[in-house]
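Please keep the sequence and the structure in view.

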Amino acid sequence: MHISAFFDSGNIEVVSAEDPNDIRLRIRKDEGPEGFFQWFHYRVTGEAGERRRMVIENAGEASYTKGWEDYRACASYDRETWFRVDTSYENGQLIIDHVPACDSTYYAYFAPYGRDRHHDLIARCQSDPRVRVEVLGETVDGDAMDLITIGGSDSSKLKIWAIARQHPGETQAEFWMEGFLARALDPDDPVAKAVLAKAALYVVPNMNPDGSRRGHLRTNAAGVNLNRVWADPNPETSPEVYHVAAKMRSTGVDFSIDVHGDEGLPYNFIAGADGIPDVEQRQIDLRIAFEAALRQSNPDFQSEHGYPKAPPGKANLSMCSTQIASAHKCLAMTLEMPFKDNANSPDEQFGWSPNRCRKLGASCLDAIYAVLDDLR
Ligand SMILES: [Zn+2]
C-alpha cells in the first residue's frame, strides 16, 4: 500500500500505512499563526476490492470540528467524478471506511481544483473575443493573479465583480466560477446578453493560488487569512488582496460577490453587509431582492439558515464584502456553499458537488439580472 499527497493541492501526513484496516493519517497545518487545517487530498494505491479504514488522527483539532459531523468524504478514481464515501467522527478522529473499485483512489475534503484546471478555465474564456485576460500582480510565491474582464472597454457600464477562493480549500468557489463564466459567455443566453448590455464583469476565479497549490484550507503562502485584511492589505504579505482592491478602486464597484464554502452548515446562503456602520437602506433592499431572485432561480439556494447577523454598525470591516460595501456604497455579499450537502435536497451519491456549484454560479446571473437596474 502506498499513500501520497505529493501533487498540486495535496495534503496528508502518513503516520502508518502497514495495516489496511488501521491506516493512520494526519492533516498538515496551513502556514500562519492560527494553524488552520481541515483540507485533505491524497492518493491511496493498494488493491481494488480490499477494504481500507483510514483514521485521520488530528481531526479533532481541525479548524471547524462541526464540519466532521454528518460529513461524507469525497473520493475519485478518474480525478473528474468525485463521489461520497461514509465517514464517522469519534474521539476526535475522522474515520473513512471504503472498499475501492480500483487500485488507486483519491480522497479529498471536497473535489479538488488544481492550478492546471484554473489555467484551462482562463484559456477557455479568452477564446471569446469579448474577454480580456490581465495579470494584476504576483502572489507571495510569484504566481499570477489572473483577472478576466468581459465587456470592460465601455466605462459607462455597471461594474460587476466576482471573486472566489480567498480561502483556497473552498474549491466549491472555483467550480461556481466555471458555471458563472460559461453562462456569462454563452452567446445564446438571453439573460447573459441582457446583463452584458449594461454591465462589465470583472472576475478573479482564484484569489489564493499559493494556498491552493500548497493544499491550505484558509491562508496564503505568508500565512495570512486573506479575508481578514481588506481594510489594510499589505503588498508584501497579502499582495493578492492588495492588487485586486487597487483594481477595484480604479474601476469602481457596483456589485460584488465573494464566493466561499462553509465547513459546518449544510446549506447555500449569503452573508450580507447589513452591519456596516454607514449602511444605506438601498444596500439592504438590494441584498434582499438578490436573495429572493436567487431562491427563485435555483432552489438549492435558501435564506433561512446562515450566519448570525452582525448587530447594526458592528460588522467586521476587514472582510471583503463589508469593506467593499462600505468603501463603494454598493451591494456586496459573501456567498457560502456547503462542504457536506444541501440538507434541503440531499444527493446520496455526490452530496454537494462541482456540478451543483456550476449550476448555482449560472443561476447567480439570473439574480444579478433581477437587481441590475437598481444597482447604481
Ligand atoms: Zn471562506
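**Reading an annotated site and its surroundings**

A: Glu336 is found in strand S17, where strands (E, at least two residues) and helices (H or I, at least four) are DSSP runs numbered from the N terminus. The model is a predicted one, in which local features need pLDDT of at least 70 and side-chain atom pairs count only at pLDDT 80 or more, whereas totals for chains, interfaces and linings use all residues. Residues are numbered from 1 along each chain as its sequence is written, and side-chain values use heavy atoms, with hydrogens and water left out.

Q: Which residue does the UniProt annotation "active site" cover?

A: UniProt positions are given here in the numbering of the model with shortened feature names, and annotations may be inferred rather than shown by experiment. In this case the "active site" annotation, which comes from an unreviewed entry, covers Glu336.

Q: Is Glu336 buried or exposed?

A: Buried means under 20% relative accessible area, exposed over 50%, and partly exposed in between (1.4 Å probe, protein chains only). Glu336 counts as buried because its relative accessibility is 5%.

Q: Which residues is Glu336 in contact with, leaving aside its neighbours within four places in sequence?

A: Contact means heavy atoms within 4.5 Å. With those neighbours left aside, Glu336 is in contact with His260, Gly261, Asp262, Tyr267, Asn268, Phe269 and Tyr307.

Q: What volume does the largest pocket have, and how many residues line it?

A: On a 1 Å grid over the protein atoms alone, a pocket is an open set of points with protein on both sides within 12 Å along at least five of seven lines; a cavity is a set where a 1.4 Å probe fits but cannot get out, and lining residues have an atom within 4 Å of a point. Grid points are joined across faces, edges and corners, and a volume is the space filled by probe spheres set on the points. The largest pocket has a volume of about 760 Å³. Its lining comprises 41 residues, and those nearest its centre are Ala271, Gly272, Tyr307, Pro308 and Lys309. Two or more lining residues come from each of strand S15 (255-262), strand S16 (269-271), helix H6 (281-297), helix H7 (320-328) and strand S17 (331-338).

Q: How do the residues of the lining of the largest pocket divide?

A: Ala, Val, Leu, Ile, Met, Phe, Trp, Tyr, Cys and Pro count as nonpolar, Asp, Glu, Lys and Arg as charged, and the others, Gly among them, as polar. The lining of the largest pocket has 15 nonpolar, 15 polar and eleven charged residues.

Q: Which domains give residues to the lining of the second largest pocket?

A: Domain bounds come from an automatic or database domain assignment. Here the chain is divided into domain 1 (2-108) and domain 2 (115-371), whose C-alpha centres lie 28 Å apart. Across the two, 27 residues of domain 1 are in contact with 26 residues of domain 2. The second largest pocket holds about 550 Å³ of space. It is lined by 24 residues, of which Arg79, Glu80, Trp82, Pro112 and Arg117 are the closest to its centre. Domain 1 and domain 2 each supply at least three residues to this lining, which divides into eight nonpolar, six polar and ten charged residues.

Q: Where does Ser9 lie, and which residues is it in contact with beyond its sequence neighbours?

A: Ser9 lies in the loop between strand S1 (2-4) and strand S2 (13-16). It is buried because its relative accessible area is 3%. Leaving aside neighbours within four places in sequence, Ser9 is in contact with Trp39, His41, Pro112, Ser212, Arg213 and Gly215. The C-alpha atoms of Ser9 and His216 are separated by 7.5 Å, although the two are 207 residues apart along the chain.

Q: How many cavities of 30 Å³ or more are counted, and which residues line the largest cavity?

A: The count is one cavity of 30 Å³ or more, and the largest cavity contains about 60 Å³ of space. Its lining consists of Ala273, Asp274, Ile276, Val279, Gln283, Ile284, Arg287, Ala325, Cys330, Leu331 and Ala332. H6 gives the largest share, three residues. By class, eight lining residues are nonpolar, one is polar and two are charged. Gln283 has its place in helix H6 and is buried, with a relative accessible area of 5%.

Q: Why is H7 described as largely enclosed by the rest of the structure?

A: Seven of the nine residues of H7 are buried, so this helix is largely enclosed by the rest of the structure. The buried residues are Cys320, Ser321, Thr322, Gln323, Ile324, Ala325 and Ser326. Their cover includes strand S13 (158-164), helix H5 (239-251), S15, S16, H6 and S17.
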